[in-house]
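Hi everyone, thanks for making time for this.

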Amino acid sequence: DRSRFEPVVLLSTDGPLVGRIRSLDIPVQIDSNIPIFPVYANGQIKGMVRLLRALLMYPKGFKTFCKHCRRIAPDAVYLNSSAQLFLPWPAKKSGVKKVVFHNREHWEPKGLLKVKLIMRKWIISRFVDDVFSITKCGAKAIGFPDKSTVVRDWPSFDDETEFDVREKLGLAPDVFLILLSGGFIPIKGTRDMLQA
């Protein structure tokens, strides 16, 4: 709704999403120096190495995101993933008045990696104005009831449009088919389901 806001999308990598967003006449900017918070990890050692590497690169990414925020001068920054948890601080530092965090992931690091939970709590408590969660359990898990609102990232529960996946994929009705909704990141469970 362009009568309410004029969107600008900033992404860290190029891919199919860029073309799709641009086809909606929304400007997209790509900058690989935007810092990414390492949400998922395969094992304690690899996870800590990824986190330490991300922290070492953070000052450069912090400056990069500050520059984008100062140049664009947005009224609000909307972050749609926990991978963007490094961005609220530089957004606020650069003068952005409202930072909204969309809590989609329900991750619970183990062992040493629990430091990520401390980091998440510190960032959200100081630099995020509103937290949107797609489920009640997500809102409860993130732990900011005063900032949290439960929203849905689909248009309506009432939509009963039928979509024939088999027809779309060109598969006969007797072909065995399992639909898996996640990627291969272990925490999502897709790989476990396939192995089962």
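Okay, let's start with the rings: a search of the whole structure turns up 9 aromatic pairs. To count as a pair, rings of Phe, Tyr or Trp (for Trp, the six-membered ring) need their centres within 6.5 Å; planes under 30 degrees apart are called stacked, over 60 edge-to-face, and the rest tilted.

Here's one of them. The ring centres of Phe 37 and Phe 86 are 5.1 Å apart and the planes sit at 75°, so this pair is edge-to-face. Phe 37 is in the loop between strand S2 (28-30) and helix H2 (44-72), while Phe 86 is in the loop between strand S3 (76-79) and helix H3 (88-93), so the pair ties together parts that are 49 residues apart in sequence. Are these two buried or exposed? Both Phe 37 and Phe 86 are buried. By buried I mean under 20% relative accessible area, with exposed being over 50% and partly exposed in between, using a 1.4 Å probe and protein chains only.

Now a second pair, Tyr 78 and Phe 132: the centres are 6.3 Å apart and the planes are at 55°, so we call it tilted. This pair also links distant parts of the chain, with Tyr 78 in strand S3 and Phe 132 in strand S5 (residues 130-133), 54 residues apart. Tyr 78 is partly exposed at 45% relative accessible area, and Phe 132 is partly exposed too, at 24%.

There's also an aromatic cluster, and its members are Phe 37, Tyr 58, Phe 62, Phe 86, Trp 89, Trp 122 and Phe 127.

Before I go on, a word about where this comes from. This is a predicted model, where local features need pLDDT of at least 70 and side-chain atom pairs count only at pLDDT 80 or more, while totals for chains, interfaces and linings use all residues. Residues are numbered from 1 along each chain as its sequence is written, and side-chain values use heavy atoms, with hydrogens and water left out.

So what's the overall layout? The protein chain has 7 helices and 6 strands. Those are DSSP runs numbered from the N terminus: helices are H or I with at least four residues, strands are E with at least two. Reading along the sequence, you get β-α-β-α-β-α-β-α-β-α-β-α-α. The C-alpha trace spans about 60 × 50 × 35 Å along its principal axes, and buried residues make up 34% of the 196 residues.

Next, the strands. Strands pair if DSSP finds at least two bridges between them. Asn 103 has Ser 133 in S5 as its bridge partner. S5 in turn pairs with strand S6 (residues 148-150), in the parallel sense over 3 bridges. On that side, Phe 132 stands opposite Thr 149 in S6.

How many of the residues of S4 are buried? It's 5 of the 6, so S4 is largely enclosed by the rest of the structure.

Let's move to the loops. Most residues other than glycine have a negative phi. Asp 25 isn't a glycine, but it has a positive phi of about 65°. Asp 25 lies in the loop between helix H1 (16-23) and S2, and it counts as exposed at 61% relative accessibility. Ala 73 is another residue with a positive phi, near 50°. Ala 73 is in the loop between H2 and S3 and counts as exposed at 55%.

Last stop: Glu 105, in the loop between S4 and helix H4 (115-127). Glu 105 is buried, with a relative accessible area of 10%. What is Glu 105 in contact with, leaving aside its neighbours within four places in sequence? The answer is Tyr 40, Ser 81 and Ser 82, where contact means heavy atoms within 4.5 Å.
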